[in-house]
Amino acid sequence: MDYILSIVILACINMIAVLGLSIFTGFTGLFSLGHAAFVGVGAYTSAILTYYYYVPFPLALAAGAAAAGLVSLIIGIPTLRAKLRSDYFAIAILGFGEAMRVVLENLEITNGARGLPGIDNFTTFPIVLACLALGVFFARNFLRSRWGAACIAIREDPIAAEMAGVRLFRTRLLSLVVSAVYCGLSGGLLAHFLSFIQPVMFTLVQSTQLLAAVIAGGMGSLSGPLIASFVFIGLPEALRVAQMWRLVAYGLLLVLIMVYRPQGLMGYSELSSFFRRKDNPGGRMQP
Amino acid sequence: MWPGLFLQTLITGLSIGGIYALMAVGYSLVFSVLNFSNFAHGAVIMLGAYVGLALAAKLSLGFGIVLAGSIAGAGIIAVLNEKLAYSSLRRRKAPSLYLMISAMGCAVFLENLVYATIGSRFYAFPEFFGRQVISIGGSSVSLLDVGAFLFALVAILGLHLFINRTRTGIAIRAGVSDMTMCSLMGVDLDRLIAIVFLLAGGFAGVAGVFLGIKYLVYPTMGWVTNKAYIAAVIGGLGSLPGALAGGLILGVVETFVSSYISSVMRDVFSFSLLIAFLVWRPNGLWGTDSEEKV
């Protein structure tokens with residue numbers, strides 16, 4: 001029972017990060033191959049705060065999320081202002097993520113590549129569930145707000161959106177910061193659940209896993225990526241598949257999805273729309 | 001600055017840069033035709049190194065045959081990769097990001113397949129060149145470094161001639177400027193793209209063998225191609241002379257940073273350079289204009 005519970009907790013922690021990336025990639029239309037770095041920043045910030053400075057856990061979580069948001073500005077401001085081609089942006093953030101890892105590996109306070117052991121186990125199932133629920137609630141409201149509408153407009157057509165008065169730079173930056181805050185929160189929870197973190201836990205492989213969940217779940221849906229991420233973490237863990245075969249399957253899955261079903265599991269619709277027809281916040285007319 | 005150390009650093013940098021350039025050429029070739037970043041290139045380099053290793057260690061063949069076998073093996077793998085993972089996307093004119101994600105998937109798939117089947121052990125090539133050392137102006141250079149550097153120069157020059165002088169080369173250049181028009185003029189696009197991937201794969205094979213000899217062979221060795229990618233960006237994605245120059249520049253600058261400033265900051269420096277280039281000079285030093293089309 002404990003084992004299953006820990007899988008569910010891990011899956012929920014991962015879902016929080018996927019939720020953030022979904023706002024940025026699924027709804028704003030910018031691909032990121034570096035969001036694991038924000039998870040790492042959140043994890044290290046909160047862990048260092050509770051480990052060395054005995055800061056209360058909720059405060060440390062908030063600080064981790066805020067730190068991830070701030071760090072995202074470092075990469076977001078120059079690249080988004082320059083309006084890079086979307087694939088160049090993905091590569092720039094990939095480079096940023098790798099550089100971040102090298103920095104974490106060489107700082108004194110992060111204990112370098114050996115990692116930070118013995119972080120207190122503050123993360124419990126109710127806390128994770130509460131964070132996830134709060135995250136979903138905020139994401140839904142965000143996407144229904146003016147800002148969310150602007151994000152979706154940019155995803156559909158950046159040039160048309162700009163013509164209609166959407167400010168590209170500000171909206172994209174906001175979306176990036178929001179997504180980084182989600183990842184930072186997820187990182188803080190992760191650190192205090194595993195009680196051990198290491199820079200190699202936040203590399204391109206993890207960024208790809210996050211992106212895979214968003215793409216597999218459907219870009220323009222919140223529930224799709226959540227389901228995908230739950231399946232991605234839960235299923236291999238429950239079947240006790242070795243990590244490398246899991247990654248073999250992820251890779252194959254990414255290719256198959258791109259070739260056969262690029263709209264992903266849920267496409268642009270939400271789970272709730274199967275029960276109620278009118279509600280479709282990712283709203284896009286099917287061509 | 002001590003001149004001996006300076007010269008030594010410069011030469012080491014150039015030899016690393018030569019390998020970066022070999023890898024960057026593969027990236028640039030594919031990028032110039034299909035306009036997407038082929039992240040699977042690193043995995044093809046890794047597989048090329050394993051093919052070479054199998055020929056060298058199991059069959060104990062000579063260096064020439066190992067190199068040829070690795071070129072052929074990696075070339076075929078690259079073509080298969082295109083046929084299975086990219087061709088249907090290309091035909092329905094999917095956005096280049098879909099191709100990039102598919103490439104990412106291929107890289108993750110191939111790397112972990114090797115990891116799961118062959119294992120994570122580090123393998124070394126048998127010593128082809130021994131530890132022979134040449135002395136240039138008081139600083140010593142291994143024969144392998146000189147060989148790799150010269151081979152990279154000759155191979156890239158050969159490719160340059162191929163693209164500029166032959167009929168197929170003309171077709172490739174036509175494809176670079178306009179795919180649809182090129183196909184209307186009677187060029188078989190599938191064949192053309194297969195040739196491009198074959199060439200890119202061949203260069204990946206060479207790079208794989210040299211990397212494997214210089215360092216070791218292991219499943220994640222393809223990650224070095226991140227550096228090759230940076231080199232391609234510095235030179236301008238899609239430009240062959242750019243790939244060569246970018247590789248050499250990156251190799252030299254990196255070696256200087258690691259020997260005069262700090263070796264751990266080397267990678268941070270390289271990635272910062274990448275971001276700086278993408279932001280301020282996304283077309284590199286020699287790249288062609290590549291605005292995202294409306």
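How are helix 6 of chain B and helix 8 of chain B oriented to each other: roughly parallel, roughly perpendicular or roughly antiparallel? I began with that question.

**Conventions**

I noted that residues are numbered from 1 along each chain as its sequence is written, while chains are lettered from A and ligands numbered from 1 in the order in which they are written. This is a predicted model, in which local features need pLDDT of at least 70, side-chain atom pairs count only at pLDDT 80 or more, and totals for chains, interfaces and linings use all residues.

**Two helices in chain B**

I looked up helix 6 (residues 167-177) and helix 8 (residues 189-214) of chain B, which pack at an angle of about 100 degrees with their axes 10 Å apart. Helices here are DSSP runs of H or I with at least four residues, strands are runs of E with at least two, and both are numbered from the N terminus. The axes are lines fitted to C-alpha atoms, for helices over the stretch in contact, and angles run from 0 to 180 degrees between N-to-C directions. Angles under 35 degrees count as roughly parallel, over 145 as roughly antiparallel, 65 to 115 as roughly perpendicular and the rest as oblique. Helix 6 and helix 8 of chain B are therefore roughly perpendicular to each other.

I then listed the residues that meet. From helix 6 of chain B they are B:Thr168, B:Ala171, B:Ile172 and B:Gly175, and from helix 8 of chain B they are B:Leu192, B:Ile195 and B:Val196. Contact means C-beta atoms, placed from the backbone, within 7 Å. I sorted the residues of this contact into five nonpolar, two polar and no charged. Nonpolar covers Ala, Val, Leu, Ile, Met, Phe, Trp, Tyr, Cys and Pro; charged covers Asp, Glu, Lys and Arg; the others, Gly among them, are polar.

**Where the chains touch**

I found 34 residues of chain B in contact with 34 residues of chain A. On the chain B side, helix 3 (63-91), helix 4 (96-117) and helix 11 (265-280) each supply at least two residues. Helix 4 of chain B gives the most, with 15 residues. The chain B side divides into 24 nonpolar, eight polar and two charged residues.

**Chain A**

I counted 11 helices and two strands in chain A. Its C-alpha atoms fill a box of roughly 50 × 40 × 35 Å, taken along the principal axes. Over residues 277-283 of chain A the pLDDT is below 50. Where pLDDT is low, the predicted coordinates should not be read in detail.

Note on methods. Contact = placed C-beta atoms within 7 Å. pLDDT = per-residue confidence, 0-100.
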